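Visitor: I would like to learn how to read side-chain packing in a model. Please show me the structure and walk me through it.

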Amino acid sequence: MIKKHGGNVYKFAKEHQVQVEDVIDFSANINPFGLSNVVKEAIPSMFDKVLNYPDPNYMDLREAIAKFENIYEDQIVLGNGAIECIFLLAEHLKAKHLVIPVPTFVEYERAFSKYQTKICYYQMNDMILDIDCLIESFSDRVDAVIVCNPNNPTGSLVKRTDLEKLLNYTKEHQIYLIIDEAFIDFTDDEDNNTMKTYLKSYSNLIILKSLTKFFAIPGLRLGYLMTSHKELIDSINNSRMPWSINSIASQVGELVLKDDSYIEKTKKWIVKERQWFYESILSIDGIYPYVSQGNYIFFRSDEYELDKKLAEYSIMIRNCNNYEGLSEGYFRVAIKDRNSNLKLISCIKEILWKS
Ligand SMILES: Cc1ncc(COP(=O)(O)O)c(C=O)c1O
């Protein structure tokens, strides 16, 4: 069985004998605006293309991504979700010693362990990644480090000036720096948070992006990595499986990246809703949230069984007890529409009041 993730509404519905439609899923961090209208209208006409193989190089999608990210088309490796890019990286980087600051996304460890990379965990202090301490912890053998920014599950964001320091250090010491920006579009000042402007001058830099969260297409699967490391890109392209992205996902990808009104609407909404949701959670006795720049809030709870108790209200949240570096009592909730958020808050209050 695959290690526990958020978002398994089917399993939850079966276990709790409820309809999938009745589950309120706070465990997966998906934009609550759902599929954009542009995509909904265009999807029926996209089915014609399933009769042909997709273009194995996905030139139109690649062009759309290059334009959106302001990078070159040959700096992109596409994936069936960012997850495929993580596994491709693990296979082709051939890193011997990877540093992973924890707690963080659990799949880095699974992907790199599969290719015999030794994993060295760096435990963050109170969920904050201090770059100077991280660098001090490196042994001579370290040849890759991965930073999730903003971090999943904590939501904490490393400042660009700190990442610059890490980038310069890693370049000088021939260490790959992988930055997972799966949630960067949700941050307050994305242009000043992303590290993509450094791709040109730093070939040791690899940036991961996911389209499944911001554009609400986790079931379609689409992501990519960006790097100017030509040998790495060639190595991946020369041996990877063809057509890993289906033609619907590829066409949807082209559309969403041009959908400025959806992008603007989401960015405006998240800034306000995140602040309101954080303050509302902070006001609950027995719950201690962390400041977040993602579309989710991470918190510690005096009630360790909060996920089980919320399940009685058909509410799913992410229990983070299986993350390296965390113990019982830590949870993550997605930021959803206001009504769902209000319902979650009132249920948590009721549970804590009763216990
Ligand atoms: C930090 C992070 N990176 C990458 C991924 C993979 O995203 P995708 O759905 O694009 O495969 C996830 C999924 O939850 C994630 O949380």
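**Rings, charges and helix faces**

Guide: The charged end of Arg338 sits over the ring of Trp276, 3.7 Å from the ring centre. A charge sits over a ring if NZ of Lys or CZ of Arg is within 6 Å of the ring centre and within 35 degrees of the ring normal. Lys265 lies over the face of Phe33, 4.4 Å from the ring centre.

Visitor: What should I know about the model itself?

Guide: This is a predicted model, where local features need pLDDT of at least 70 and side-chain atom pairs count only at pLDDT 80 or more, while totals for chains, interfaces and linings use all residues. Residues are numbered from 1 along each chain as its sequence is written, and side-chain values use heavy atoms, with hydrogens and water left out.

Visitor: How many aromatic pairs does the structure hold?

Guide: Rings of Phe, Tyr and Trp (its six-membered ring) pair if their centres lie within 6.5 Å; planes under 30 degrees apart are stacked, over 60 edge-to-face, and the rest tilted. The structure holds 14 such pairs. One of them joins Phe105 and Tyr108, edge-to-face, at 5.5 Å centre to centre and 80° between the planes. Phe183 and Tyr296 are also edge-to-face, with 5.0 Å between centres and 75° between planes.

Visitor: Which parts does the pair of Phe183 and Tyr296 tie together?

Guide: Helices (H or I, at least four residues) and strands (E, at least two) are DSSP runs, numbered from the N terminus. Phe183 lies in the loop between β6 (176–180) and α8 (190–193), and Tyr296 in strand β10 (residues 296–301), so the pair ties together parts 113 residues apart in sequence. Both rings belong to one aromatic cluster, formed by Phe183, Phe186, Phe214, Phe215, Tyr262 and Tyr296.

Visitor: Are Phe183 and Asp48 buried or exposed?

Guide: Buried means under 20% relative accessible area, exposed over 50%, and partly exposed in between (1.4 Å probe, protein chains only). Phe183 is buried, at 3%. Asp48 is exposed, at 58%. Asp48 is found in the loop between α2 (37–46) and α3 (59–69). Tyr296 is buried, at 0%. Tyr108 is buried too, with a relative accessible area of 0%.

Visitor: What does the side chain of Arg274 make a polar contact with?

Guide: A polar contact is a pair of N or O atoms within 3.5 Å; within protein, one must be able to donate a hydrogen and the other to accept it, and residues adjacent in sequence count only if both atoms are side-chain atoms. Arg274, in helix α11 (residues 260–282), has such a contact with the side chain of Asp188, at 2.8 Å. Arg274 is buried, at 4%. Contact in general means heavy atoms within 4.5 Å. Beyond its neighbours within four places in sequence, Arg274 is in contact with residues including Phe186, Ser292 and Ile335.

Visitor: Which residues of helix α5 are buried?

Guide: In α5 (residues 107–114), they are Glu107, Tyr108, Ala111 and Phe112. Their arc, taken from the directions from the helix axis to the C-beta atoms, is 120°, so they line one face of α5. They pack against α4 (82–93), β3 (97–102), β4 (118–123), β5 and β6. Gln116 follows α5, with a positive phi near 65°.

Visitor: And where do the buried residues of α7 pack?

Guide: In α7, Arg160, Leu163, Leu166, Leu167 and Thr170 are buried. The buried residues of α7 pack against α6 (131–137), β5 (144–148), β6, α8 and β7 (205–210).
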